[in-house]
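The points are numbered for reference.

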Amino acid sequence: MSPEATDFLYPFIEGDERDSVSLLADLSASAEAKWAHSERLRQETLARCDDQLATIGEAMARRFEAGGQLFAFGNGGSATDADDVAQVFTRPPRGEPLPARSLVTDHAVLTALSNDIGFDVVFSRQLEAHGGPDDIAVGLSTSGNSENLLVAFRQAAKRGMLTVGLAGYDGGQMARCDELQHCLVVRSDSVHRIQESQAALIHALWSAVQSEYQAKGAA
Amino acid sequence: MTLTHADTGAAGAGGDGPYEQGLTEDLARAALALARRFHAGGTMWCASPSWTFHAHHVAVEFVHPVIMGKRALPAVVVPPGADLVASLRATVRPGDMVVVVAGTAPSDPGGADVAEVMRRGPAWGVETVWIGAGTRPPAGAADHVLWLGTDDPLVASEQFVRIYHLLWELTHVCFEHSGLLQPDLCEEEVCITCSDEGRTAEVVAVDQGGDAVVRTAEGRERIDVSLIDPPRPGDLVLVHAGSAIASLEEGRS
């Protein structure tokens, strides 16, 4: 993988540099370029995933209507994205709150499973305890290769859950995982830019579910 | 790794981001300030009353960078649900940093506590960064205000991720400029050498005899508070030459 080096823009400068004006101008220009890059990637990703989002939104809405709940999980920054998923569904800025939980918030469960069995099962074991056939598993990764997500998707499929993944790069192993029904991929090789577009995908997915779910509720 | 998409090239002409004028300049200044604090041994405290996950994302970004080879930096999440002011008061040390993701009150209920933390920054000796959206806090509310104009909470939340990713990226660029990691000479608004000092202090305890123990960026000290109305613990006062010359609580509830 090509490193997203911060080194490439800036030549090594001797330790006697004292005037921060030119550095600040460079940093600002770099931030502006990266912001524009991120915005373009977001728009491209949402446009490319438009049909997929509608399909997944509809499938998720059916599960919620049947009384199902959503479980979200991921590692590191993607763990915080899982929390974002749980928050936007349960405490939406508009529309109806829907049952969703993040599987990364309970430190007793996470450390018990990691210590007793291994980190690969931290999500699958929780799905084994909580997941049912009306439920939804949403796993987030930037590489698409996190072992504990792949194990969780297999467990979720076994339990009849709807499986949804968010990945980056070329989708990694998640894109080739038979047990994963839907995989939304942000086509970038920068972890930061992937996460920024995944945040937009999370909210677009929530929006798709909301409009579909409300349409049924009004009928 | 196979890439089917070419988003790896250099970004084109910028400016299509709907952020407020001056955000990237503010980001640059904040990044240099953070790099200097980290370089001097400071710890970054992260909080977000309404979006706890953002605080966790900021902290993990600095502790365990996604780019291999970048150094791990001390960043900590303030326990969510805690009294933000009390929690930080107990743990921060002079030289630390406080980075908060929050709107302003009343649209963000956590905004009032955040404003209180930021106000105490000078007395605690911490550099404050306030990332938020909606109604911008008043000038001087924090050392660095990184603000978005949007009122849509989901758009704001997505763009916060960009802001703190860029903050991390730019901070690490600053580490490559070792000569700039020392603070600028005489960057303070008031020069200590000519004794024209006016330092913000937080009252720790008040004695019966008109003295008080206060906390400033330089540590604890005993000052005379007989020139002002008797302060209460937690009040902010302005200290000049060993005396409190003004309360910073007037007009506040």
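**Notes on the predicted model**

1. Cysteines. Over all chains, the disulfide count is zero. A disulfide needs two cysteine sulfur atoms within 2.5 Å. For A:Cys49 the closest cysteine sulfur is that of A:Cys183, at 9.3 Å, which is too far for a bond. A:Cys49 is also buried, its relative accessible area being 0%. In chain B, B:Cys46 is buried as well, with a relative accessible area of 1%.

2. Salt bridges in total. Side chains of opposite charge can pair when their charged atoms come close. How many salt bridges are there over all chains? The count comes to 22.

3. Salt bridges between the chains. A:Glu39 and B:Arg162 form a salt bridge, with 2.8 Å between the closest N and O atoms. A:Glu39 sits in helix H1 (residues 21-48) of chain A and B:Arg162 in helix H5 (residues 153-175) of chain B, so this pair joins two chains. A:Glu39 and B:Arg162 are both buried. A salt bridge is also found between A:Arg193 and B:Glu169, at 3.0 Å from N to O. Here A:Arg193 belongs to helix H8 of chain A and B:Glu169 to helix H5 of chain B, so this pair too joins two chains. Both A:Arg193 and B:Glu169 are buried.

4. A salt bridge within chain A. A:Arg62 and A:Glu212 meet through their side chains in a salt bridge of 3.0 Å, N to O. A:Arg62 is in helix H2 (residues 50-65) and A:Glu212 in helix H8 (residues 191-218), both of chain A, so the pair ties together parts that are 150 residues apart in sequence. Are these two side chains buried or partly exposed? A:Arg62 is partly exposed, with a relative accessible area of 28%. A:Glu212 is partly exposed too, at 22% relative accessibility.

5. A network in chain B. A network of salt bridges links B:Arg89, B:Glu116, B:Arg119, B:Arg120, B:Glu202 and B:Glu249. One of its members, B:Glu202, also stands opposite B:Arg215 in strand E7 of chain B.

6. Strand E7 (residues 211-216) is mostly covered, with five of its six residues buried. Strand E6 (residues 199-206) runs antiparallel to E7(B), and four bridges join them. The hairpin of E6(B) and E7(B) has four residues between the strands, and in this hairpin B:Gly210 takes a positive phi near 85 degrees. E7(B) also runs antiparallel to strand E8 (residues 219-224), to which six bridges join it. The hairpin from E7(B) to E8(B) passes through two residues. B:Asp211 stands opposite B:Asp224 in E8(B).

7. Nonpolar cores. Which residues have the most contacts inside the largest nonpolar core? They are B:Leu27, B:Met44, B:Ile131, B:Leu146 and B:Phe160, in a core of 48 residues. H5(B) gives the most to this core, with 12 residues. Leaving aside residues up to four places away in sequence, B:Ile131 touches B:Val99, B:Val100, B:Val101, B:Ala102, B:Leu146, B:Trp147, B:Phe160, B:Ile163 and B:Tyr164. Another core, of 33 residues, lies apart from the largest one, and includes A:Ile56, A:Val138, A:Ile202 and A:Trp206.

8. Chain A overall. Chain A has eight helices and five strands, and along the sequence these follow the pattern α-α-β-α-β-α-α-β-α-β-α-β-α. Of its 219 residues, 55% count as buried. Among contacts in chain A with a separation of 6 or more, 70% come from residues 24 or more positions apart. The pair A:Arg62 and A:Glu212 in point 4 ties together parts that are 150 residues apart.

Conventions:
Residues numbered from 1 in each chain as written. Chains lettered and ligands numbered in written order. Predicted model: local features only at pLDDT ≥ 70, side-chain atom pairs only at ≥ 80, totals over all residues. Heavy atoms only, no water. Salt bridge = Lys/Arg side-chain N within 4 Å of Asp/Glu carboxyl O. Buried < 20%, exposed > 50% of the residue type's maximum accessible area, 1.4 Å probe, protein only. Pairing = 2+ DSSP bridges. Contact = heavy atoms within 4.5 Å. Core = buried A, V, L, I, M, F, W, Y, C linked by side-chain atoms within 4.5 Å.
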